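Please keep the sequence and the model in view while reading.

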Amino acid sequence: MSDQTATLLVDLIISLDGYASAEGWPGWWGLEGPEYLAWLDEEAKKDVTTLMGANTYRLMSGMSGQAGEADSGFSKEEGDSLAGLAAVPKVIFSSTLKEPLAWPNSELVSGDAVEAVREMKQTRTGTLSTLGSLSLCRYLLSAGLVDRYRLVVFPVITGKTGRERIYDGYPDVALDMVESRTFDGRLQMLEYVPRVIDTPLGRGGGG
């Protein structure tokens, strides 16, 4: 076992009203700016293993492959970010996908994600960070495995076009803020230590 265990980070981008994406809107809701993109570049250089489920794997691996094509339709910033995912170590949780996985640097785990991540936290170093995969994030959070919960909040309300409501099905969670930052005068990064609670705060404590 390593002396330095890995940290599990749930990492999400979100509209102000709680959606992960919106139909008809561009990536990052069209609001990415130089400060935010520079921060993403710095984050990508860290010791990070990306965790995702099968649906996100299919979507992101396909987009990553398309990003290198001349007529991909992605902006340069989107294309660079997607193409760069090929080099990132990735763990894919799926009972339906089969090895070998086509996307480079992808490891398949077919067993229970909670048990696998619990072991990974003890045997690996650096950061284990989710990518999309809302049901996986919810499952790991409910199991009490998440060390950090990080949101980048985009100042849009997509009540009509929003897709993938992030918090549906969540347990009650208390959040202790450990970091915040504003990018480009409009995007708000919020990072918390999450605590799953059984009793609402103020009515018998934090569970």
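Q: This is a predicted model; in it, does Arg 150 count as buried or exposed?
A: The relative accessibility of Arg 150 is 7%. A residue is called buried under 20% relative accessible area. Arg 150 therefore counts as buried.

Q: In which helix do Glu 115 and Arg 118 form their salt bridge?
A: The closest N and O atoms of the two residues are 2.9 Å apart. Glu 115 is partly exposed at 47% relative accessibility, and Arg 118 is partly exposed at 34%. Because they are three residues apart in the helix, about one helical turn separates them. The helix that holds both is α4.

Q: Across which strands does helix α4 lie?
A: Helix α4 spans residues 113–123. Its direction makes an angle of about 155 degrees with β4. The strands that α4 lies across are β1, β3, β4, β5 and β6.

Q: Which strands stand at the edges of the open sheet of eight strands?
A: The order in this sheet is β5-β4-β3-β6-β1-β7-β10-β9, and the pairing is mixed. An edge strand has a single partner, so one side of it is left without a neighbour in the sheet. From one strand to the next, the twist averages 25 degrees. The edge strands are β5 (106–109) and β9 (173–183).

Q: Which residue in β5 is the bridge partner of Val 91?
A: Strand β4 covers residues 90–93 and runs parallel to β5. Four bridges join these two strands. In β5, the bridge partner of Val 91 is Glu 107.

Q: What is the form of the peptide bond from Glu 99 to Pro 100?
A: Most peptide bonds are trans. Pro 100 is found in the loop between β4 and β5. The omega of the bond from Glu 99 to Pro 100 is near 0 degrees, and its form is cis.

Q: What is the phi of Ser 133, and what is that of Glu 164?
A: Most residues other than glycine have a negative phi. Ser 133, in the loop between β6 and α5, is buried, with a relative accessible area of 9%. Glu 164 is placed in strand β8. Phi is positive in both residues, about 50 degrees for Ser 133 and near 65 degrees for Glu 164.

Q: With which residues is Thr 158 in contact, leaving aside its neighbours within four places in sequence?
A: Thr 158 is found in the loop between β7 and β8. Thr 158 is buried, with a relative accessible area of 1%. Its contacts are Ser 15, Asp 17, Tyr 19, Ala 22, Trp 25 and Trp 29.

Key
Residues numbered from 1 in each chain as written. Predicted model: local features only at pLDDT ≥ 70, side-chain atom pairs only at ≥ 80, totals over all residues. Heavy atoms only, no water. Pairing = 2+ DSSP bridges. Axes fitted to C-alpha atoms, helices over the stretch in contact; angles between N-to-C directions. Contact = heavy atoms within 4.5 Å. Buried < 20%, exposed > 50% of the residue type's maximum accessible area, 1.4 Å probe, protein only. Salt bridge = Lys/Arg side-chain N within 4 Å of Asp/Glu carboxyl O.
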